[in-house]
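Please read the following report with the sequence and the structure side by side. It takes up selected residues, a pair of helices and a set of charged side chains in turn.

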Amino acid sequence: MLLWEAKDIVRAHFGGTAFPTIQLDHALTQGRRMIEEHANFWWMQGEKDFSLTINQDAYPLYSGDINLPNFKDARALSWREAAGVSYEPVFLGDHTKEELDVLYDTDDSGSPEVAVIDNATLYIYPPNPDKAYSMRLYRYSWTDNPAQTT
């Protein structure tokens with residue numbers, strides 16, 4: 001079904017064309033959001049590539065290098081060296097930040113081993129990456145209504 005067809009059905013059911021477009025768009029957005037709150041669906045999947053900064057462990061998800069304003073949930077995380085061709089997995093979500101802060105010293109360095117998302121920030125451990133590793137975040141994102149009505 002096309003977006004304009006869905007809008008016409010709603011307008012026909014709730015009072016013809018007097019239903020303001022801005023309210024209709026808001027209602028459709030909220031209805032889709034309710035469906036997407038229920039689970040992570042295939043149409044919400046995506047990837048985000050970014051690079052680590054040497055000696056930096058915290059990366060905000062909604063700004064900076066990652067910048068995912070519609071981020072919902074992480075699926076997986078992997079890394080490779082900048083000139084490399086194969087990715088290695090980073091264990092994501094199995095621990096809390098508090099646990100990892102105890103397991104790793106503040107001056108530990110090396111390639112990414114484990115990561116955690118805490119308060120909309122991605123933390124990489126060991127906390128001092130020794131190179132600018134290329135990262136790939138597999139994620140779910142909230143979707144937007146299409147800009148075109150077709």
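Serine 141, leaving aside its neighbours within four places in sequence, is in contact with Met44, Asn70, Phe71 and Lys72, where contact means heavy atoms within 4.5 Å. The model is a predicted one, in which local features need pLDDT of at least 70 and side-chain atom pairs count only at pLDDT 80 or more, while totals for chains, interfaces and linings use all residues. Residues are numbered from 1 along each chain as its sequence is written, and side-chain values use heavy atoms, with hydrogens and water left out.

Serine 141 belongs to strand β9 (residues 134-141); helices (H or I, at least four residues) and strands (E, at least two) are DSSP runs, numbered from the N terminus. With a relative accessible area of 12%, serine 141 is buried, a term that means under 20% relative accessible area, with exposed meaning over 50% and partly exposed in between (1.4 Å probe, protein chains only). The side chain of serine 141 is also joined to that of arginine 139 by a polar contact of 2.9 Å. Such a contact is a pair of N or O atoms within 3.5 Å; within protein, one must be able to donate a hydrogen and the other to accept it, and residues adjacent in sequence count only if both atoms are side-chain atoms.

Isoleucine 124, in strand β7 (residues 121-125), is buried, with a relative accessible area of 0%. Apart from neighbours within four places in sequence, its contacts are Leu52, Asp57, Tyr59, Leu77, Pro112, Val114, Ala115 and Met135. Of these, tyrosine 59 is 65 residues away in sequence from isoleucine 124, with the two C-alpha atoms 8.3 Å apart in space.

Helix α1 (residues 3-13) packs against helix α2 (residues 21-38) at an angle of about 110°, and their axes are 11 Å apart. These axes are lines fitted to C-alpha atoms, for helices over the stretch in contact, and angles run from 0 to 180 degrees between N-to-C directions. The two helices, α1 and α2, are therefore roughly perpendicular to each other, since angles of 65 to 115 degrees count as such, under 35 as roughly parallel, over 145 as roughly antiparallel and the rest as oblique. Leu3, Lys7, Val10 and Arg11 of α1 meet Thr21, Leu24, Asp25 and Leu28 of α2 in this contact.

The charged side chains form five salt bridges, each being a side-chain nitrogen of Lys or Arg within 4 Å of a carboxyl oxygen of Asp or Glu.

| Pair | Closest N to O distance |
|---|---|
| Lysine 131 and glutamate 81 | 3.3 Å |

Arginine 136 is buried at 19% relative accessibility, whereas aspartate 49, at 43%, is partly exposed. Both residues, together with Glu47, are linked in a network of salt bridges.

Lysine 131, in the loop between β8 (128-129) and β9, and glutamate 81, in the loop between β3 (71-80) and β4 (88-92), also link distant parts of the chain, being 50 residues apart. Lysine 131 counts as partly exposed at 37% relative accessibility, and glutamate 81 counts as partly exposed at 39%. Lysine 97 and aspartate 101, by contrast, both lie in helix α3 (residues 97-103), four residues apart, about one turn of the helix. Lysine 97 is buried at 17% relative accessibility, while aspartate 101 is partly exposed at 39%.
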